[in-house]
Amino acid sequence: MTSRVLCRVSRLLEQTAETGPVLGLDTSTQIASLAVVARGRVAGRIAHPVSSHGASLPSVVDELLSSTGFKIRDLSAIAVGIGPGSFTGLRIGLSYAKGLAMASGCALAGVPGFDAIALAAIDAANIEVGGLLTVVVDARKNEVYAALYRVVADGLEKLTEDLVITLEHLASLITEDVTFIGDSTAKDAAALVSTKGHRAAVFETGTLDMRGVSVAAIGAARFARGEMDRVASLEPLYIRTPEATFKPNLKNPAGIGTEGVWSIERKNSFGNI
């Protein structure tokens, strides 16, 4: 078991009162969730259901930045959700964030997506201190991604690493009342736990939409502490091996990866920097 304390979003914003604009984005689900925080406040947020993150993300970022009055060149950093979640969504979001960071010269921070979801939920769901909070999202193959958190005075204590697990196994880990957050699998998890005699609440409304603010706030706090990631080495948090792997391109002996190609192809879209 792991134990790590995460500050509430309000506390994170207090820590970033002197920090310039930070763009936060998460594409781990079919809802693209983005936000900009600047000087200790939320400057703007947006959440869009999308059929293709690759096609939609640049225009969604433009829409968000236009609403805040900032331009790409104004950004101090970009924070991106690294999963777990949709493999394709994670790759697209991270590739876009890397390309934007390289083109603009701003810093980059990878943020565990479940931490962002959990932080978004504790204020909205008004969960009491001491309560157990579990993030659960469909992982397909009759499994879910999950992580357990304890609500503490200033935020959350993360009790487990991010897991890929069956619902039955997840239910066996929970021995007390719990609040589930996530997608439709949260209801299934709650039903299983309820059969063991524990109260199981489900908080769904807007949780996945709000995670962009948490991603941006966590990234801004890391930027304020000087704890950023290297663009070249930041990778998605897949939890399990992706089914889709890239074969070597015989016409590309240097081995340029898909993320690099995507970034290069999109670089022209950053021409207004």
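Arg240 and Glu143 form a salt bridge in which the closest N and O atoms are 2.5 Å apart, a salt bridge being a side-chain nitrogen of Lys or Arg within 4 Å of a carboxyl oxygen of Asp or Glu. The pair links distant parts of the chain, with Arg240 in the loop between helix H7 (207–225) and helix H8 (258–266) and Glu143 in strand E8, 97 residues apart. Helices (H or I, at least four residues) and strands (E, at least two) are DSSP runs numbered from the N terminus. The model is predicted, so that local features need pLDDT of at least 70 and side-chain atom pairs count only at pLDDT 80 or more, whereas totals for chains, interfaces and linings use all residues. Residues are numbered from 1 along each chain as its sequence is written, and side-chain values use heavy atoms, with hydrogens and water left out.

Arg240 counts as buried at 18% relative accessibility, while Glu143, at 25%, counts as partly exposed; buried means under 20% relative accessible area, exposed over 50%, and partly exposed in between (1.4 Å probe, protein chains only).

In total, the structure holds eleven salt bridges. One of them joins the side chains of Arg11 and Asp154, at 3.2 Å from N to O. Because Arg11 lies in helix H1 (residues 9–14) and Asp154 in the loop between strand E8 (143–152) and strand E9 (155–158), this pair ties together parts that are 143 residues apart in sequence. Arg11 is partly exposed, at 31% relative accessibility, and Asp154 is also partly exposed, with a relative accessible area of 41%.

The side chains of Arg199 and Asp177 likewise meet in a salt bridge, at 3.2 Å from N to O. This pair links distant parts of the chain, 22 residues apart, since Arg199 is in the loop between helix H6 (185–194) and strand E12 (200–203) and Asp177 is in the loop between helix H5 (167–173) and strand E11 (178–182). Arg199 is exposed, with a relative accessible area of 64%, whereas Asp177, at 35% relative accessibility, counts as partly exposed.

When neighbours within four places in sequence are left aside, Phe114 is in contact (heavy atoms within 4.5 Å) with residues including Pro84, Val135, Val137, Tyr145, Tyr149 and Asp162.

Helix H4 (residues 113–125) has 13 residues and should span 18 Å at 1.5 Å a residue, which agrees with its end C-alpha atoms being 18 Å apart; the expected span is 1.5 Å times one less than the number of residues. H4 is mostly covered, ten of its 13 residues being buried, among them Phe114, Asp115 and Leu119. The helix is followed by Asn126, whose phi is positive, near 55°.

Thr134 is found in strand E7 (residues 132–140) and counts as buried, at 0% relative accessibility. Leaving aside neighbours within four places in sequence, the contacts of Thr134 include Ala147, Leu148, Leu170, Ile174 and Ile181.
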